[in-house]
Structures are given as structure tokens and as C-alpha cells.
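Please open the structure in your viewer and keep the selection tool at hand. The stops below say what to select next and what is there.

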Amino acid sequence: MYDFNYRKASSVEDAVGAVAGAEDGRFLAGGMTIIPTIKQRLAKPSDLVDLAGVDGLTGISVSGGAVDIGGMCRHAEVNASGEVAAAIPALARLAGGIGDPQVRNRGTIGGSIANNDPAADYPAAVVGLGATVRTNRREIAGDDFFTGMFETALEPGELVTGVSFPVPSKAAYMKFPNPASRYAIVGVFVAATSGGPRVAVTGAGPCVFRVAAMEQALAGNFAPESVADIKIGDDDLNSDIHASAEYRAHLVTVMAKRAVAQANG
Amino acid sequence: MPEGGIGASVKRKEDFRFLTGRGSYTDDEVRAGQLYAHMLRSPHGHAELGSVDTSKAEAAPGVVCVLTGPDADADGIGGLPCGWGITSKDGTPMVEPKWPVIGQGKVRYVGEIVAAVIAESAEQAADAAELVEIDYRPLDAAAVTETAHTGGAQIHDEAPDNICFDWDFPGPEAAEAVDAAFAAAAHTARLELVNQRIIPHSMEPRAALAEYDKGEEKLTLHCTAQAAHAMRLLLGAFVLNQPEHKFRVVAPDVGGGFGSKVAPYAEYAIICWASRKLERPVRWLGDRAECFVTDAHGRDHVTEVELALDADGKFTGLRVNTVANMGAYLSAFAPLIPTFLYATLFAGQYTTPAICCNVKAVFTNTSPVDALRGAGRPEATYLLERVIDEAAQATGIDPVEIRKRNFIAADAFPYQTPVALLYDSGAYERALDIALEKADWNGFAARRSASEAEGRLRGIGIAAPIEATGAAPSAIAGQLGARAGLYESAQVRFNATGTVTVFAGTHNHGQGHETTFAQLVTDKLGVPLENVEVVEGDTDRAVMGMGTYGSRSLSVGGSAIDRAMDKIIDKGKKIAAHLLEASVDDIEFDSGTFTVSGTDRTISIGEVAFAAYVPHNYPLEELEPGLDEQAFFDPVNFNFPFASYVCEVEVDPETGSVSVERFTAVDDVGNIVNPMIVEGQVHGGLAHGIGQALMEGAVFDENGQPLTGSLMDYTLPRADTVPSFDLGHTVTPCPMNPLGAKGVGEIGAIGAPPAVVNAVVDALRSHGVNHIDMPVTSESVWQAIQSATAS
């Protein structure tokens, strides 16, 4: 591990100022990616600005047909929240399937989506539910937030303060995990939302994506058989020692079908 | 008789300190003035090593010195030794290239050390290592097992086609007999299969601390070792030129070994050398990433196996051709594993009369391999138990029935196999029958129907593994190429107040020796368990020893303890005779008490021990004081644990996912000292075997880059991926050692892979699949179904 300066921010402004004033400053949310990366000498930030003490970044509330989750909410909190479980049970279950207990008690929703690991679970929920990401500067539609592998619409100094998930009429997330890392080889989030069905896929490609053909089919009939025969192309999908693009494409269909079945209960 | 003797499932004595954080591991040792070594490693699989400029690193803060390959030569540091020699079929010795402790001229695998930075802190050493400037000129690599000998990059000048040895066994006459068997065969079965490379994973990474005492000219090495005395011999005599009487190796608590902590490693040699050179303690701790590429890997065979059968389904001939990957250099016991620990097991539990094999061992630009839980025997058992299932298909005979037709009968022992080994005992059909009963073999069809009703495929598979443990009869091992003896030693010391200290040459790194060995003493000498201390892993305390591997500790080391206790009893009888004023011939010993035969005159062994150390009334003219005896045990043969396993899996045909639903294991490991510990060993072995069958596999790209370099990419079995095991056992005592004991540490890892794969293939036969290589991942199952369906 390289040396770095540790700063504990007291407010969003303080945190943003500390990062801006540092030679190579980074926000520290749960630290589930940046800390191992530093330990392996693969990153060398000058400053880590800890958000754990910042007011206003925690808490879960449900009102106005939306679940609002603070950027520093830990996965375990979301998983254990009775309010989330009542409003969007698929979201609570998704949070409970991230990593392991240690990760769920450290990792945060803001850190996860800001990092935008292509195999992370939360991006599927953000896109699959048509959520809105709140930052210290603006609101960003979930559909516009994830721009590429480890890339987001966040600008330098911009910080995720929370995510607002509209409550769907039904939803489910089905993950086919990597047996080693337990990240998603393919994770499919399906939801029947006020704006129509949504199908969001994580793990399969370089970045979370929607499957328009499945959404259209589900708009006609929100049933597993509607998606069971819809194949997606594998040209742009990931291929690695764990799963070929061909296999991932196949799993998208299988997981989508199973997610719809689960959503229908 | 105190409680806790042989047969009692007493809780492990050592667990209090482990569970309360009081264990003492190598990295817990701290010395004043200690320095830290950081190993700079090659990022290339194969490259010419040009200049290594250490000047900037040497000038960095805290750096004491930077060592390179030429420095090793200048200081007379030798290469890492190989402990076993193999002779090729043309009579030439195996090619044995020098394995320098720091690479010179060329680097041959990712992870090979190119410089060692010694600094005041670990961080300073790591920082300075980034300043070493190295001129690498990358070369084409030979990283693929099956093609390494068919042209392409050559790794060592002295090894054309990267061949280390080309070995036929047992020899030309056997090959002719096998040819005749195939010519006359009514049925044949054939498979091409891969026994993939797997990586050992200990909870505790490798670690070492070297301290050189200039005043005594004595070197002390603490390290994560399974065999302290062997480590001292190999490092002292071949690498460091440090005489044994001036070299102490201590292996304190060690968190797991699985074979990977037997060999002498370059890091240990380097820090010993540095400590001697700098006259300061030097330490090294491997991180998980280093362990992934430098702990000796295991397996890595590509094999073609053919079985000939007569019209009745009797096996008449077995032919095996294997390419075995050695990695870039020969680790200490690497040549032994695909030869005498492999081909000698090809008879399995069966009467196959003619067996032959050829093994080509090849160098590749990958991490060196060595022993890993089972070491050769898993590879042998896998190919045999797989091809038998294929033969069952070819003949239409049920997999149980075809095994029973070919089992060596229980009254046929001792049984001479055609592949050198003489089996001493066995009762194979009984173990299989018990396993089938426990597994409810006959109820499988109903369970299969239930699975199918839910859209899942169900398969059942069996395997009947045998292995040879208890290495080794030294004379036989020597004839086969061993460069060391393989006895074990023990010293049993009564202390004056009646407690006992046992010094053993074996090493406990998870096996429970401190408990099991103490139980031997409690059982034989009647000393309460809590009054027995077992000391292992220290060359200055235990007389001699060859260490713990190959499931040898109880049958060889425990037998040495037993022999030492015999000597204790013999001497105790003489002391008791004197104290009881009787003839020694009239003294009997039982449960801790000496008795004058036919009388009520007795004396306890504690009183005898006291008299031996406070010899106020003692036959000093005839007998030395003290009650402290030592014994060596060199077995006359290996011993042969066997088992029958039944595995049941479910396959999700849509995703290819496999889940192990039931696993029944009936093991025969001879007499059992502590059933709880034995069950734990079986559990661990089965989990390891299921891991190899379904999850584990080291992957390198064509340049020798490891693609499974962390636990994010290398899958180990976990609590939720192995089932609750249903265990049973039979007891066929080994007649070749005084305890009747056989080894147990590896049999699960040996037998589980074919049981699991046979079950998966059984599930998929209806889809036209007859083989899938390990690891049987969900994608490989799905692809197998796709291609079988397409064809």
C-alpha cells in the first residue's frame, strides 16, 4: 500500500473541497474497491476523503411512490429495511445478494453506482426501476447515469448523495453469480413500472443495458413466455474465463425469464 | 485407564490456542533489528533477462541491500534441489535444469524472482523494488501442457522439445501384454481427459524468518514447513552450504499445507543467505497474490486412457498415455508425482492383469508443480474410475456390477498388482455395499423422477478409490529414485513427575497430531491426556524426521511413537522389577501399572518414572537413570486405504449449473485413533475433491500469464457449494504397522472427483454427453449439452 492522506469530511461541501484541493483526491465511501486497489499498489491517490461522517447521506425513506436511499447507505441496511422490503422487495433482495456480509456492512449504494463495475448488482436496479440519481449538483436519470465500463455521468467533484427508486407494481432481480467472486456473470432486473416494463442487464456487457425487445414483449404480456424465446446478440458482450459471450447471451434470456416469473410471484 | 485413548473422539488439544488467537505462527515471531525482504518477480512467462540495475533501489530510503542472480553465484548459493530422479525409457536420466534462487539469463514463469530487496520495513522494501530497472526481452512461451513438446519455444537449453523425461512403466513386457489384451478384447473403452492444474490454498500464506548468529555461526530459520528436517537437509546441503549441526529449522504453528509447504522455496534460501550476509534477522511474508503464482501447483495432466475387457466385462488390459506438466523448473518432488505415485495405482481396487503407461513430463512457462493433496493418486483414480464408467456403457453392464466383477476379492490378499505395489489388505465389495445402502442407491430412480418433474436432471456416480500412503519403505523408495530416506522418528520422554513429552519428526498443520499422538500415549502408557505434550517441527528438539505429507504421520510417525513406548515399557519393567524385588520376567504392564505376575504387588508408571530420575533406590550398576526413549520406524510396505463413494448431483439444463445434492463416503483407513478427527480429514478431502471436480482450475494464457491470480477468479469450494456428507467406515487394519493404521488425509480428494464427474455424466447421458473435463463449470455443461444436441 502506498501512503495517502486520510481526511474525514464533515459535510458535502467539505468533502468536495477536500478532493478539489488535493493533488489526486478520491472520495471514500465504503472503500470496497478503492482500498483493495490501493493495497495492491494499483492506485496511488494522494488523499482519501471519507464520507462516513457527512450528514445527510444516510437514511432510507419511502414517500410519494418512491424509495429514497442515501448515498452512504450500506447494502446491509437496504437489505434489512422493512420499508424497502414492503415497497420494492426485489431491491431489498438484491442488496442482500451483494458480496458477503463484510462487504454488505461496508459497501454503499453511492459507492457502488459511482464505481459502476460492469458486474455490480445495483446498476441493474437503478436502470431497471428507472431511478433518479441525486448528486450535490443535480439530478441524473438512471438511464443516463451509467455511460460505460467504470464510467458514469458524474463530473469531477460531483458526489452521489442519494438514489430515488419509483415503486413499481412488481419487480424481480435474478442473478447468475460468478462462482468465485459472486459478482454477476449475468444479472437481470425486470420491473413493471408506471412507464412500462423495464429489463436491465448487468454483468453481461461492459455496462448495464436495457433489452428493448424484451420490454416490448412484456408490455404485451408480462409473463415468462414473452421473453423465453428472445435471444440477444453476443457481439458486444463480455467474454472471459468464466463465461463466453455466447453463454452470457443465453443466460440473459434464462435470467430474464426467471425474473419475470419471480416478479409475478 | 484414563479416558481419551484410541477410539475416543476427544476434542483437539490444540484448538484452545487456535480458537482464542493464541497460536504462534511464523509471522508472529519478531526479532530486534529485523529486516524485511521483498521479492521482485518476473511479470513475463518467458523472457531474456538483460541488465538488472539496482542502483536506484539501493539508494532508496531504508534499503540495506538488493540481491540479484549474480550475487547468488558470487556468494556460492546453489540452485533449489530436486529430491527424486526418474530415468527415461531410453535409459537416460531426467533433464534436471538448475533452478536458481534468483533468475539469471532468462525468466521462465510469471512470479520467478529477479531481485530481492532487503530493507528496514516491508513498505520500504516494496517501494524500492519499483525502482529496480530490468531489461526484459519477451520470448515466445510454451505454456500449454499438451503442445509443449511438439515444437515451439524451448525453455531450457538442455531440454529439447521441453521434455524432462519420457517414462515407460512397468516396461516393454507389460506393454506387449497390454497389446495382446486389446487384440483379444471383446469390448474396449477409451477416454481423453484432462486432470487440470489446481492451486493450493492455505489459510496461512508462506512465511519465513531467518536469523544468523555470527557468534555461534548458527543459522535459524522459522518457516511454514511441513517437514522441518527435510527443509534443513535440502536447504543446508544443496543451497546454502550450511552444515546441519549449525542450522536449525523451526516450523511453528502452520495454517495448512496440502503438500505445498514441503519443498524448499527460493524465498527461504534468499532470506537465510541475506541474514548470514548482513548478520541481521531477515523476514519475508508472502501475500495472497504471490502464493497464487509461487506455491507449488498440483496435477496438470493430459491423458488418453484405454481399457480392454473380455465378454464378461472383466478388465483385461489398461493403457495410459499422459503428458504431465512440470512447470518451469523441477520442484522437490515433482518428478515422483506423475510416475511412482501415479502409475503404481492404476490397478485400483481391480484385478486388471496387464497395465502399461507412458508419461512424458514437460517443462512449460508456468509455475512449478509439486505435491498437492493426493499427488498422483487423484490423477490415477480419476482416469480409472472414469474409464470404468465408460466401459459400463460400452458393455451395457451396470457401473456397480462391473466394479464388483473386477474387485480383488477379500481373500486374495496380500495381492501383487502388475504395477509394482503389493496390497496388504482390503475388503472392497463390503465397502461398496455399505455405501450403496447408505446412499439409497435403489431409491435413485424415484429421486431422478422428482428432479425431472421440476425441470432438472439428476445423476448418480460412484468411485472406488484406493491409495498408497505411509511413505515409505526407504529401500524401495531408494530403488525408485528417492534421494532421501523416508522413515520417521520419535522420542518419548517421561518427565520426573510422570508427565510425558513426545518429540516427533512429523508436523501438525491442521491434522490434529497433538491430540492423536497424545491419545496413543494415553492408550498405551496410561498417562492422562492432559499430561502428554507433543512437540513437532523443530530440528533442535525432535531427533530426526521426514515430516508430514502423503498421509504418513500416524502410520509411520505414530508407529515410531509406539516403538519408543515399547522401549519405555521394557525399561520400566526393569526398574519396576528392582523396586518390587521381583524378576523382570515376572513383570507385566497394563494401563499404566506394572504388576508382579500373579500377585497384587504393583507400581505405577509415574512412580517408576520418578525413580528413574531420582535414582535413590535404583539398579544403577545395570541400568542408566532416566526414562526417555527414541525409536525410528521404517515401514516394510506402503499401506492402502480404500473407499467407496456415491455422489448424486442435480443439473439445471438451462444454465448448466451443477449442485451436489448427496455425497456418501465409506472409507477404510484401518484402525482409527480419533474418529472425529478422521471425519474432519474426510470432510476436508471431499470438499477439496468436489472443488477440483466442479470449480477449481488454474488458467494461463499462451504467454504464461496466469488468469486465475486471485480468489475473485479462482473458485474454491465453500460451505454453500458442498453438501452435508454422509460418512461411514469399515475397518481393515493394516498388517504392516503396529497400530494397524492407514492414511486418511488425502483419500477424499482422490475419490471425490471421479464420483462427481461420473454423476454429472450420468445426468447428461440422456442428452448424449459421455464426458466433460474438470472443472465441470456451468458453461462447460451447457456447451456439452449444446454440442451433443447439435450433433
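Now colour helix H14 (513-525) and helix H15 (553-580) of chain B, each of which supplies at least two residues of the side of domain 1 that touches domain 3. H15(B) has the largest share of that side, with six residues. By class, the side of domain 1 of chain B that touches domain 3 of chain B has four nonpolar, eleven polar and two charged residues. In this scheme Ala, Val, Leu, Ile, Met, Phe, Trp, Tyr, Cys and Pro count as nonpolar, Asp, Glu, Lys and Arg as charged, and the others, Gly among them, as polar. Helices (H or I, at least four residues) and strands (E, at least two) are DSSP runs, numbered from the N terminus.

Before going on, note that this is a predicted model, in which local features need pLDDT of at least 70, side-chain atom pairs count only at pLDDT 80 or more, and totals for chains, interfaces and linings use all residues. Residues are numbered from 1 along each chain as its sequence is written, chains are lettered from A and ligands numbered from 1 in the order in which they are written, and side-chain values use heavy atoms, with hydrogens and water left out.

Stay with the two domains of chain B. In contact (heavy atoms within 4.5 Å) are 17 residues of domain 1 and 19 residues of domain 3 of chain B. The area buried between domain 1 and domain 3 of chain B is about 1,300 Å², 60% of it from carbon and sulfur atoms. Buried area is the accessible area (1.4 Å probe) that two parts lose on being put together, summed over both. Select B:Ser551, B:Leu554 and B:Ser555, which supply 33% of the area that domain 1 of chain B buries against domain 3 of chain B, more than any other three residues.

Zoom out to all of chain B. Its domains are domain 1 (15-21 + 487-633), domain 2 (31-139 + 203-256 + 261-294) and domain 3 (301-471 + 637-790); such bounds come from an automatic or database domain assignment. Chain B has 19 helices and 28 strands.

Two prolines in chain B come next. The peptide bond from B:Phe169 to B:Pro170 is cis, with omega near -5°, and B:Pro170 is in the loop between strand E7 (163-169) and helix H5 (172-183). B:Met774 and B:Pro775 are also joined by a cis peptide bond, with omega about -10°; B:Pro775 lies in the loop between helix H18 (747-764) and helix H19 (778-790).

Move to chain A, which has twelve helices and 14 strands. Colour domain 1 (5-50) and domain 2 (60-263) of chain A separately. Their C-alpha centres lie 26 Å apart. About 810 Å² is buried between these two domains of chain A, 73% of it from carbon and sulfur atoms. Select A:Phe27, A:Ala29 and A:Met32, which supply 49% of the area that domain 1 of chain A buries against domain 2 of chain A, more than any other three residues. Between these two domains of chain A there are zero salt bridges.

Finally, show both chains. Which residues form a salt bridge with N and O atoms 3.0 Å apart? B:Glu130 and A:Arg41 do, that being the distance between their closest N and O atoms. The count between chain A and chain B is seven salt bridges. Helix H12 (residues 245-263) of chain A gives the most to the side of chain A that touches chain B, with eight residues. The contact takes in 22 residues of chain A and 23 residues of chain B, and the area buried between the two chains is about 1,800 Å².

Key: A salt bridge is a side-chain nitrogen of Lys or Arg within 4 Å of a carboxyl oxygen of Asp or Glu.
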